Amino acid sequence: MPSIRFRLNGVEMDIDADPNRSLLDILRGHLGVTGPHFGCGAGECGACNVIIDDRAIAACDTPLWSVADKDITTIEGLGTAEQPHPLQRAFIAEQALQCGYCVSGILISAAALLKRNPAPTSKEVKQALDGNLCRCGSHNRMVRAVLRAADEMAAR
Ligand code: FES
Ligand code: FES
(Lines give C-alpha, C1' and ligand atoms only; values in the text may rest on other atoms or scores of the structure.)
(Ligands and ions follow the chains in the order given, each with its own letter.)
Protein backbone atom coordinates (compact mmCIF):
# COMPACT_ATOMS: atom_id res chain seq x y z
CA MET A 1 0.00 0.00 0.00
CA PRO A 2 1.60 3.33 -1.04
CA SER A 3 2.01 5.88 1.72
CA ILE A 4 0.21 9.22 1.59
CA ARG A 5 2.12 12.45 2.06
CA PHE A 6 0.73 15.77 3.24
CA ARG A 7 1.76 18.73 5.38
CA LEU A 8 0.15 19.01 8.79
CA ASN A 9 0.58 22.35 10.53
CA GLY A 10 3.67 22.92 8.39
CA VAL A 11 5.26 19.54 9.11
CA GLU A 12 5.71 16.93 6.37
CA MET A 13 3.81 13.70 7.08
CA ASP A 14 4.17 10.33 5.42
CA ILE A 15 1.31 8.05 6.46
CA ASP A 16 1.15 4.36 5.78
CA ALA A 17 -2.52 3.49 6.36
CA ASP A 18 -5.69 2.43 4.60
CA PRO A 19 -6.34 5.33 2.17
CA ASN A 20 -10.07 5.02 2.79
CA ARG A 21 -9.78 5.80 6.51
CA SER A 22 -11.13 9.18 7.41
CA LEU A 23 -8.71 12.04 7.93
CA LEU A 24 -10.21 12.54 11.39
CA ASP A 25 -9.41 8.95 12.32
CA ILE A 26 -5.84 9.40 11.09
CA LEU A 27 -5.38 12.70 12.94
CA ARG A 28 -6.82 11.54 16.25
CA GLY A 29 -6.12 7.81 16.24
CA HIS A 30 -2.85 7.63 14.31
CA LEU A 31 -1.14 10.97 14.95
CA GLY A 32 -2.57 11.93 18.36
CA VAL A 33 -3.77 15.29 17.04
CA THR A 34 -6.92 15.70 19.14
CA GLY A 35 -7.96 19.29 18.40
CA PRO A 36 -10.42 18.22 15.67
CA HIS A 37 -13.30 16.60 17.59
CA PHE A 38 -15.66 13.79 16.68
CA GLY A 39 -19.25 15.02 16.83
CA CYS A 40 -21.70 13.65 14.30
CA GLY A 41 -19.25 11.68 12.15
CA ALA A 42 -21.33 12.60 9.11
CA GLY A 43 -20.10 16.00 7.94
CA GLU A 44 -22.97 17.83 9.64
CA CYS A 45 -21.66 19.56 12.77
CA GLY A 46 -18.24 21.08 12.02
CA ALA A 47 -16.60 19.87 15.24
CA CYS A 48 -13.92 18.06 13.23
CA ASN A 49 -13.15 20.89 10.82
CA VAL A 50 -9.63 21.40 9.53
CA ILE A 51 -8.31 23.86 6.96
CA ILE A 52 -7.32 22.30 3.67
CA ASP A 53 -6.07 24.76 1.06
CA ASP A 54 -7.84 27.73 2.70
CA ARG A 55 -11.20 25.95 3.12
CA ALA A 56 -12.75 24.55 6.29
CA ILE A 57 -13.40 20.86 5.62
CA ALA A 58 -15.01 18.17 7.78
CA ALA A 59 -12.18 15.72 8.49
CA CYS A 60 -14.68 12.98 9.42
CA ASP A 61 -16.00 13.07 5.88
CA THR A 62 -12.63 13.29 4.12
CA PRO A 63 -10.78 10.11 3.11
CA LEU A 64 -7.05 9.98 3.65
CA TRP A 65 -6.34 9.44 -0.07
CA SER A 66 -7.92 12.80 -0.93
CA VAL A 67 -5.43 14.86 1.09
CA ALA A 68 -2.31 13.69 -0.72
CA ASP A 69 0.07 16.66 -1.16
CA LYS A 70 -2.35 19.04 0.60
CA ASP A 71 -1.65 21.58 3.32
CA ILE A 72 -3.72 20.81 6.42
CA THR A 73 -4.11 23.07 9.44
CA THR A 74 -5.75 22.00 12.68
CA ILE A 75 -6.43 24.09 15.77
CA GLU A 76 -2.97 23.02 17.01
CA GLY A 77 -1.49 24.96 14.09
CA LEU A 78 -3.38 28.20 14.73
CA GLY A 79 -1.76 29.42 17.91
CA THR A 80 -0.37 28.41 21.27
CA ALA A 81 -1.19 29.32 24.86
CA GLU A 82 1.83 31.63 24.80
CA GLN A 83 1.12 33.05 21.35
CA PRO A 84 -2.59 32.73 20.62
CA HIS A 85 -4.03 33.51 17.21
CA PRO A 86 -5.96 36.83 17.08
CA LEU A 87 -9.14 34.78 16.76
CA GLN A 88 -8.37 32.94 19.99
CA ARG A 89 -7.72 36.25 21.79
CA ALA A 90 -10.92 37.73 20.36
CA PHE A 91 -13.05 34.74 21.37
CA ILE A 92 -11.78 35.10 24.93
CA ALA A 93 -12.26 38.89 24.94
CA GLU A 94 -15.84 38.57 23.66
CA GLN A 95 -16.57 35.55 25.90
CA ALA A 96 -17.68 33.84 22.71
CA LEU A 97 -17.59 30.22 23.79
CA GLN A 98 -18.98 28.00 26.47
CA CYS A 99 -17.81 24.52 25.63
CA GLY A 100 -14.45 23.28 24.47
CA TYR A 101 -15.97 20.76 22.13
CA CYS A 102 -17.41 22.61 19.16
CA VAL A 103 -15.19 25.67 19.40
CA SER A 104 -12.05 24.26 17.78
CA GLY A 105 -14.06 23.62 14.61
CA ILE A 106 -15.60 27.08 14.84
CA LEU A 107 -12.19 28.73 15.16
CA ILE A 108 -11.00 26.73 12.16
CA SER A 109 -13.98 27.86 10.04
CA ALA A 110 -13.31 31.46 11.09
CA ALA A 111 -9.59 31.18 10.35
CA ALA A 112 -10.29 29.75 6.89
CA LEU A 113 -12.65 32.65 6.22
CA LEU A 114 -10.05 35.25 7.27
CA LYS A 115 -7.47 33.59 5.03
CA ARG A 116 -9.75 33.99 2.02
CA ASN A 117 -11.36 37.24 3.09
CA PRO A 118 -9.45 39.35 5.64
CA ALA A 119 -12.25 41.92 5.96
CA PRO A 120 -15.53 39.99 6.03
CA THR A 121 -18.93 41.51 6.68
CA SER A 122 -21.11 40.28 9.51
CA LYS A 123 -23.21 38.40 6.95
CA GLU A 124 -20.13 36.70 5.51
CA VAL A 125 -19.03 35.61 8.99
CA LYS A 126 -22.46 34.14 9.67
CA GLN A 127 -22.34 32.27 6.35
CA ALA A 128 -18.85 30.93 7.11
CA LEU A 129 -19.97 29.63 10.53
CA ASP A 130 -23.27 28.27 9.26
CA GLY A 131 -21.97 24.69 9.10
CA ASN A 132 -20.81 24.70 12.73
CA LEU A 133 -23.37 23.57 15.27
CA CYS A 134 -23.30 25.29 18.66
CA ARG A 135 -26.13 24.84 21.09
CA CYS A 136 -25.11 27.29 23.81
CA GLY A 137 -26.35 30.43 22.10
CA SER A 138 -22.99 32.15 21.64
CA HIS A 139 -23.50 32.82 17.93
CA ASN A 140 -23.72 36.61 18.12
CA ARG A 141 -20.65 36.80 20.35
CA MET A 142 -18.76 34.58 17.91
CA VAL A 143 -19.58 36.84 15.00
CA ARG A 144 -18.39 39.85 17.03
CA ALA A 145 -15.20 37.99 17.92
CA VAL A 146 -14.40 37.15 14.29
CA LEU A 147 -14.94 40.77 13.25
CA ARG A 148 -12.76 41.91 16.16
CA ALA A 149 -9.97 39.54 15.11
CA ALA A 150 -10.22 40.76 11.50
CA ASP A 151 -9.85 44.35 12.71
CA GLU A 152 -6.87 43.43 14.86
CA MET A 153 -5.16 41.59 12.00
CA ALA A 154 -5.79 44.51 9.61
CA ALA A 155 -4.23 46.96 12.09
CA ARG A 156 -0.94 45.06 12.28
S1 FES B 1 -17.81 15.13 13.37
FE2 FES B 1 -17.27 15.80 11.39
S3 FES B 1 -18.84 17.19 10.82
FE4 FES B 1 -19.50 16.38 12.73
S1 FES C 1 -19.42 26.96 22.26
FE2 FES C 1 -19.80 24.82 22.19
S3 FES C 1 -21.96 24.63 22.23
FE4 FES C 1 -21.57 26.76 21.99
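Let me start with a term: a residue is buried when its relative accessible area is under 20%, exposed when that area is over 50%, and partly exposed in between. Keep those cut-offs in mind. One more thing before we look: this is a predicted model.

Start at helix 2. It covers residues 86-93. Which of its residues are buried? They are P86, L87, Q88, A90 and F91. And what covers them? The cover includes helix 3, residues 103-116, and helix 5, residues 139-155.

What does R89 pair with? It forms a salt bridge with E152. The closest N and O atoms are 2.3 Å apart.

Next, the loop between helix 2 and helix 3. E94 sits there. The side chain of E94 meets that of R144 in a salt bridge, at 3.4 Å from N to O. R144 is in helix 5, and the two residues are 50 residues apart. Is E94 buried or exposed? At 15% relative accessibility, E94 counts as buried. R144 is at 42%, so R144 counts as partly exposed.

On to helix 3. K115 lies there. Its salt-bridge partner is D54, with the closest N and O atoms 3.4 Å apart. Where is D54? D54 is in the loop between strand 3, residues 49-52, and strand 4, residues 55-58. So this pair ties together parts that are 61 residues apart in sequence. D54 has 33% relative accessibility, so D54 counts as partly exposed.

Now the whole structure. How many salt bridges does it hold? Nine. I have walked through some of them. There is also a network: salt bridges that share partners join R7, E12 and D71.

To recap, with the structure in view. Find helix 2, then look at helix 3 and helix 5, which are part of its cover. Last, find K115 in helix 3 and D54 in its loop.

Technical notes:
Residues numbered from 1 in each chain as written. Chains lettered and ligands numbered in written order. Predicted model: local features only at pLDDT ≥ 70, side-chain atom pairs only at ≥ 80, totals over all residues. Heavy atoms only, no water. Buried < 20%, exposed > 50% of the residue type's maximum accessible area, 1.4 Å probe, protein only. Helix = DSSP H or I, 4+ residues; strand = E, 2+ residues; numbered from the N terminus. Contact = heavy atoms within 4.5 Å. Salt bridge = Lys/Arg side-chain N within 4 Å of Asp/Glu carboxyl O.
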